[in-house]
Amino acid sequence: MLLSAKQDWLGNIRGDILAGIVVAIALIPEAIAFSIIAGVDPKVGLYASFAIAFIIAIVGGRAGMISAATAATALLMVTLVKDFGLQYLLVATILAGILQIVAGYLNLHKFMSFVSKSVMTGFLNALAILIFMAQLPELLNVTWHVYALTAAGLGIIYLFPYLPVIGKILPSPLINIIALTALVYFLGIDVRTIGDMGDLPDTLPIFLWPDVPLNLETLAIVLPYSLSIAVVGLLESLMTANVIDELTDTQSDKKRECKGQGIANIGSGLIGGMAGCAMIGQSIINVKSGGRGRLSAMTAGVVLLILVVFLSDILKIVPMAALVAVMIMVSIGTFNWSSLKELRTNPKSASAVMIATVVVVVWTHNLAFGVFTGILIGALFMAQRLSQFMYIESNYDEATDTRSYNVVGQIFFNSSDKFISLFDYKEAVDKVVIDVHRAHFWDITAVAALDKVVIKLRREGADVSIIGLNEASETLLDKFAVHDKPEEIEKIMGGH
Amino acid sequence: MTTIDKKCILACIDGSELSDAVIEQAIWLANNSQSPIKFLHTIEHSHLSEQVHHVGTLTPNMTENLLNELTDEERTESKRLIAEGKTILTNAVLRAEQAGLTNIIAKQRHGTLSEVLHDLELEIEIVVLGATGQNHNGDKKGLGSQLEEAIRVIHQPIVIVKKPFVVPRNLMLAYNGSPTSKKAIEIIKKDLFSTQLCNIHIVSVQRNIEDAQRLVEEVETALSSFNCIVKTTALKGEPVELLTRYQQEHHIDLTMMGAFSHGKIHGFMFGSFTTQMLLDGSSNFFLLR
């Protein structure tokens, strides 16, 4: 353990530090933009990004992942900030952190297995759309200068990398910021700048307990926000951890990551920062820049803080258009463009789940609601499919005037109506035998359906007997672990 | 006897300087124990990419593109490492055949040495490892980067090779009365090292000489029925220093001792006796867990 910890920290020092610097530069405009989304001073997002990146480097479960202030969490704070102010946001941030730690101890990360690929794609697409929409206030009712600057900024961001040599060394988003700032400053163009959006950090952060009454009333105000932040933060963090696991072909400790996100948020709240979580885009930039260890996130946090504290006077005059250009890049980069093509090729149900997730998120501005919707719809589709795995054979024996039904397959809440409808109640027979030994009753709805069938048949005057009920109802016992063994699974898939 | 029911002598080789010695040591052990010999080469992925871009731009479909790039890069690296390993293994198998062994297995696995040893633990009778590994560029520390972790994960005896192989003439047992050093007596009795042919030095270093004396007598009694040349020495003082000096003075070829009986935290705080012995010692080691 000590050795792997050493490897995590010191296994890639040069790569991690370089990547950390690249990430820090990319984090600054995002942290400012997300502060503006949340409706707080840029310094709130910048302090948060420092605290979260720094703390998660130590306590996180996924080396190489970058966490900071994020759009996903910022979007959830808007009304809290508007109605109650910054101090309540800080309390909500700390409480969200506590909830995340609890979630970690409760192993809630295991529920990530319910989040399908379609839901994840929907999550990212919705996030991209929301980031883009958050830029619209900067682009509506403004002079043509803003459009020209934004377009120029996007041009620099996407074309600069094609320049020989320097295009491969210097981060184009940074060049965009420097170029537009210089242009606006020297030509004296009157456009909004970051300084107009609120305070920037001018000192190192200090430890502060939020100035709110600690009572139930406060709790009632912040709890719903904290819950949303905690859930969305963990969702994005665990999703990102999965992406990084896949990219780097390594494992991460998801439980530790949940707790780590919690600790990071508490730390952020205590130095006047907003809540955050892992950032998919930044984490990918980190990996692409060669960051693999814990040192890269820590470097990103420290470099970010140093840059903003010492450069706050320069940051103030950066035009918002430069920032908007960066955020449009982030939005375009976050959106899963191939998912549009896949709409035609993927199963309709998968597309429906993805689109439902996007629609609900864009509508509610809460990624958690979208994810829940996606999971729910996905589960319904799955139940629908499983209910097709059932049929009934029937035979009539003239000698004994006996109708026998042989039930095969899965009977549960969604297939029980179909089960009931497959019996012929109008047939006048003396005896009915229902053989269920190759069927599986998964829930009490299924059992009730069988009861209903028996009663209906009895009313028609038949003597009903059931064969193999014990085997069929084994699945009722909720002991799913029993079915982990191949022979048990074989029983269910192949009949008893 | 098939390879499945008989545990093997596992020789971990990576083509580094000491691999030759590891191969010879393992062949000799396999000959003595009549166990199958297995040569293991591990393919360790650095998961570090050479093609890094520091532009910090988020481009569309970046995840997929990056995943493809990294996969291609690692595939090339893996293929190269596998091919290299095959050559090393083929050479080792050839030498084992020349030495007259018949039950020879060559194995390649992905992962760090400790991961792979952990996976294979049940198949192992004795592991033979080089004290230094592949990427060892004259590091001051003198021990392979993966050695301690590897020793800690397995519970089978381990031979650490520090110098070219010779048939052991002088064998030292560093005895402190611990359960692992008692195991060593059993190993000696099994005659795994052709111990009857060599001098066995029983050395005990304790804080006071009476304890040391008592301990060496304990071993003498235990080995009394066993036909071999035993020389006992009881010493007082600092174990690592005295034991390594003894190794040099008596031209010890192989030192048997218990390893890492304390936890990692203890080792981290106080420094591990085992690590220090491996570092300073001049012989090969036979460690018991």
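Here are some questions and answers on how the terms used for this predicted model follow from their definitions.

This is a predicted model, in which local features need pLDDT of at least 70, side-chain atom pairs count only at pLDDT 80 or more, and totals for chains, interfaces and linings use all residues. Residues are numbered from 1 along each chain as its sequence is written, while chains are lettered from A and ligands numbered from 1 in the order in which they are written.

Q: What makes 2-335 and 390-494 of chain A domains?
A: Domain bounds come from an automatic or database domain assignment. Here chain A is divided into domain 1 (2-335) and domain 2 (390-494). Taken over C-alpha atoms, their centres are 56 Å apart.

Q: How do you know that β3(A) and β4(A) pair?
A: Strands (E, at least two residues) and helices (H or I, at least four) are DSSP runs, numbered from the N terminus. Two strands pair if DSSP finds at least two bridges between them. There are 8 bridges between β3(A) and β4 (402-411) of chain A, so the two count as paired, and they run antiparallel. In this pair, Ile392(A) stands opposite Val407(A).

Q: Why are β3 and β6 of chain A called edge strands?
A: The open sheet has the order β3-β4-β5-β6 (chain A), with mixed pairing. Its edge strands, β3 (390-397) and β6 (463-467) of chain A, each pair on one side only.

Q: What makes helix α19 of chain A a helix that packs on the sheet?
A: Two residues are in contact if their C-beta atoms, placed from the backbone, lie within 7 Å. Helix α19 (444-459) of chain A touches β4, β5 (431-441) and β6 of chain A.

Q: Which classes make up the side of chain A that touches chain B?
A: Ala, Val, Leu, Ile, Met, Phe, Trp, Tyr, Cys and Pro count as nonpolar, Asp, Glu, Lys and Arg as charged, and the others, Gly among them, as polar. The contact takes 36 residues from chain A and 24 residues from chain B. By class, the chain A side has 21 nonpolar, 10 polar and 5 charged residues.

Q: Why is the unit of β2(B), helix α2 and β3(B) called right-handed?
A: A crossover is right-handed if, with the strands pointing away from the viewer, the path from the first strand over the helix to the second runs clockwise. The β-α-β unit of β2(B), helix α2 (62-98) of chain B and β3(B) is right-handed, so its path runs clockwise in that view. Strands β2 (37-43) and β3 (104-110) of chain B pair in the parallel sense over 7 bridges.

Terms used:
Axes fitted to C-alpha atoms, helices over the stretch in contact; angles between N-to-C directions.
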